[in-house]
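This report describes the overall build of one protein chain. Please look over the sequence and the structure before reading on.

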Amino acid sequence: LSPGILPNVYNPPAGLCWDQLCTDPPVVDGDGPERNVDSVVTSFLEAAATQAQQYRTNHILMTMGSDFHYENAHLWFKNLDKLIAHANARQANGSRVHALYSTPSCYLRELHRANLTWPLKMDDFFPYSDGPHQFWTGFFSSRPALKGYERLSSGFLQICSQLEALAGPLARDGPYGPGDSSVLREAVAVAQHHDAVSGTERQHVADDYARQLAKGWDSCQVLVANALSLLGGTKDPFVFCNALNISVCPLSESTAHFTVILYNPLAWGVAWPVRLPVKGSSYAVTDPQGRPVASQVSLGFPTPTSGAAPGELLFQAWAPPLGFSTFGVKQLSPGGPWDPPRGPSGDPEPQIENEHLRVLFDPITGHLREIQNLAKGFSLPVFQSFYWYNASAGDALCPQASGAYIFRPNVSTPIPVAKHAATHLIKTELVQELHQNFSAWCSQVLRLRPGQPYLELEWTVGPIPVSDGLGKEVISRFETPLRTAGRFYTDSNGRQVLERRRDYRPTWNLSQSEPVAGNYYPVNTRIFIKDQKVQLTVLTDRSQGGSSILDGSLELMVHRRLLNDDNRGVGEPLDEPGDDGRGLVVRGRHLVLLDTAAAAADKHRPRAQEMVTSPYVVLAAGPGPQLRQFSGLRRPLPPNLHLLTVEPRGAGTLLLRLEHLFERGESQNGSQPVTVDL
């Protein structure tokens, strides 16, 4: 057996559980009639001997605890102290067992010292199931808003740490008060718990994780304001628009003259679209050198979460590596927003395009129909739409229901949200968009901007209707004629890409009992399908479950609302109430890249990193920083190198982490080793 297999899942041996949730008697080592220490130690030694038979060294690992344990840690440690002392005392009588408090790293150090060769497991443990119809693949998508907030918070933590490092200790106690990155760092760390970002907690616990993250944002935003003040030379108040995802920003909506600061946490320069809700009809935007920047105000397509501002100001900003650029915004006329020409859904050939891509839509159904790569001269028919799986409520043959952990559709074929989408086409010099409305609870904007080598899909889903008594698991599915032979590819935590094969496991013969749920995998940042020549990649802005259920297709689960508990410990259905109690509305983005299979990684690697650690917009009511542009690097890092961490670690000390972006062999140029002069 491998060194990582435990005999009792992660629970203590039988009879040795001393939490307040346990029922085993405490260790009594006095001389009275209740003394039981001898039998307890004997039981422990027998369990150790049994476990040791399956291990290759004379070191074994016992887990003493379980779910919800150590709320009252004193009970555990009082009994463990006695167990260790009395077990080790038996060595005087010839016992070969020595017990000690340890850690995983201490255990692995001893295995390393044993100088043995261990079997190497290259394949994944996912998808995991504890029964033929109990695949734990629902939590890959559960609580999508919390998953998105966690991803945003992780990126903002990097920005907070970088600016604290660049501005120095005064950033923690500057003109805007005491700021601190540790509050957000702790909140992000706690949100990584396996019952936090996974979505397998109760609703009030999920609310508390979000509250802790929000508290961390508040503290970090003070630090960011202090740092920008120190680096840029200003005492003007900074404003953080935390609700831009629903087009709400009080400063831009109410002020005729303000400043936009774009901070870039990446080690290469970026161009980044800025969208701000406004009430005027035209604005003048200037770059850090005072030169005019093209901008427009347009009427947005209304969605269930739109803010009160009638229009959005759009312009393309940019920022240097590990630095910021400042843009001035001045209102020219106060009237309502300009409504750009909208093509009706009956256009003979609705399409959007820029210098990289041309995207065609079906004039009858409004669906995406084809993507053309103009730079490389090839195209791929691509159909995309939204569907929902009918969540199983359990039945007489198998009581298992879909829940926070378990994904169990009651049929393998999903139901279309709509067979037709109402569409609006918008074309301006700064953006081309097709707005799709599938239903009152499902809409999408497909977007191309100049210079953008990918198609952006901004989807809004919810509140998922359940008045019909059916739980629903909503997917976005892409269908192509690519011959994929049951293979698709997903990432592991944004790094290694793993090949997945439908209805197949590399190290044992699989008898598939759930053709959909049994083929779902976690997608942290990307999923793609390819043939010998062409690759279609979809990047995500949060962790989602994904698969390729049909050859040439890929799908991502964007939202789920369920009416039954799955009996894995949550004790309540995954039925998120949302802001108004009528059900959760979620908005997110998928970026679609079409390229040759040989060159695809050169595009999806840096683009996915931009999604994970995105540039960040800060506003100021006045003219903003005197220093209009700043970079913390003397020069950009090579394009295949990522600046993972710049973080203060005590007086005069920084933690610096550099990371190669590419896997070996996936890119002719990107996968080469890189040398950098620190």
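## Contacts, fold and domains

In the protein chain, 70% of the contacts with a separation of 6 or more are made by residues 24 or more positions apart. The model is a predicted one.

The chain contains 8 helices and 33 strands. Its radius of gyration is 28 Å, close to the 26 Å that the globule rule gives for 678 residues, so the protein chain is as compact as a globular protein of that length. Along the principal axes, the C-alpha atoms fill a box of roughly 90 × 60 × 50 Å.

Burial and surface can be taken together. Of the 678 residues, 52% count as buried. The accessible surface of the protein chain is about 30600 Å², and carbon and sulfur atoms account for 54% of that area.

The next topic is how the chain is divided. The domain assignment gives two entries, listed here.

| Domain | Residues |
|---|---|
| domain 1 | residues 1–121 |
| domain 2 | residues 637–677 |

Taken over C-alpha atoms, the centres of domain 1 and domain 2 are separated by 41 Å.

A further span comes from a database record. In an unreviewed entry, UniProt lists residues 134–213 under "domain: Glycoside hydrolase family 38 central". In the model, residues 134–213 are 56% helix and 5% strand. The C-alpha atoms at the ends of this span lie 32 Å apart.

Technical notes. Residues are numbered from 1 along each chain as its sequence is written. This is a predicted model: local features need pLDDT of at least 70, side-chain atom pairs count only at pLDDT 80 or more; totals for chains, interfaces and linings use all residues. Side-chain values use heavy atoms; hydrogens and water are left out. Domain bounds come from an automatic or database domain assignment. UniProt positions are given in the numbering used here, feature names are shortened, and annotations may be inferred rather than shown by experiment. Helices (H or I, at least four residues) and strands (E, at least two) are DSSP runs, numbered from the N terminus. The radius of gyration is taken over C-alpha atoms; the globule rule is 2.2 Å times the number of residues to the power 0.38. Buried means under 20% relative accessible area, exposed over 50%, partly exposed in between (1.4 Å probe, protein chains only). Contact means heavy atoms within 4.5 Å. Accessible areas come from the Shrake-Rupley method with a 1.4 Å probe; for residues, only the protein chains shown count as cover.
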